[in-house]
Amino acid sequence: MAYDVELADRVRAALRAEPGLTERRMFGGLAFLLHGNMAVAASSQGGLLLRVDPAQVESLINEPHVRRFEMRDRKLTGWLHIGDEAIEDDDALRSWVDHGVTYARSLTPR
């Protein structure tokens with residue numbers, strides 16, 4: 001399955017003012033990177049692939065339609081899948097995108 005182009009456009013709009021923003025195809029989706037560090041992606045599984053502070057994962061997975069991201073049956077530390085139901089409106093999308101942006105900004109630029 002290809003990523004949702006409309007969702008990618010919504011993420012792009014939410015990030016348009018971010019300095020150091022680039023886009024790259026990754027994990028079968030379209031990733032948005034800040035200074036070379038991935039923040040969020042329109043996932044090929046639908047919804048968002050979100051990179052977050054590993055210390056926040058336990059609290060964030062308690063939110064509806066949020067789960068740990070798995071690749072090849074392995075749960076990746078600090079990566080979440082946010083289902084479409086959790087990002088139906090732009091405010092909800094922006095809230096999730098902000099988690100990824102905050103973490104990406106905390107990392108050393110690449």
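These legends walk through the aromatic pairs of a predicted model.

The model is predicted, so local features need pLDDT of at least 70 and side-chain atom pairs count only at pLDDT 80 or more, while totals for chains, interfaces and linings use all residues. Residues are numbered from 1 along each chain as its sequence is written, and side-chain values use heavy atoms, with hydrogens and water left out.

**View 1. The aromatic cluster of F27, F69 and W79.** These residues form one cluster, and the count comes to 2 aromatic pairs. Rings of Phe, Tyr and Trp (its six-membered ring) pair if their centres lie within 6.5 Å; planes under 30 degrees apart are stacked, over 60 edge-to-face, and the rest tilted.

View 2. F27 sits in the loop between β1 (21-26) and β2 (29-34) and F69 in strand β5 (residues 66-71), so the pair ties together parts 42 residues apart in sequence. Strands here are DSSP runs (E, at least two residues), numbered from the N terminus. F27 is partly exposed at 37% relative accessibility, whereas F69 is buried at 5%. Buried means under 20% relative accessible area, exposed over 50%, and partly exposed in between (1.4 Å probe, protein chains only).

View 3. W79 belongs to strand β6 (residues 74-82), 52 residues from F27. With a relative accessible area of 15%, W79 is buried.

How values were computed. Helix = DSSP H or I, 4+ residues; strand = E, 2+ residues; numbered from the N terminus.
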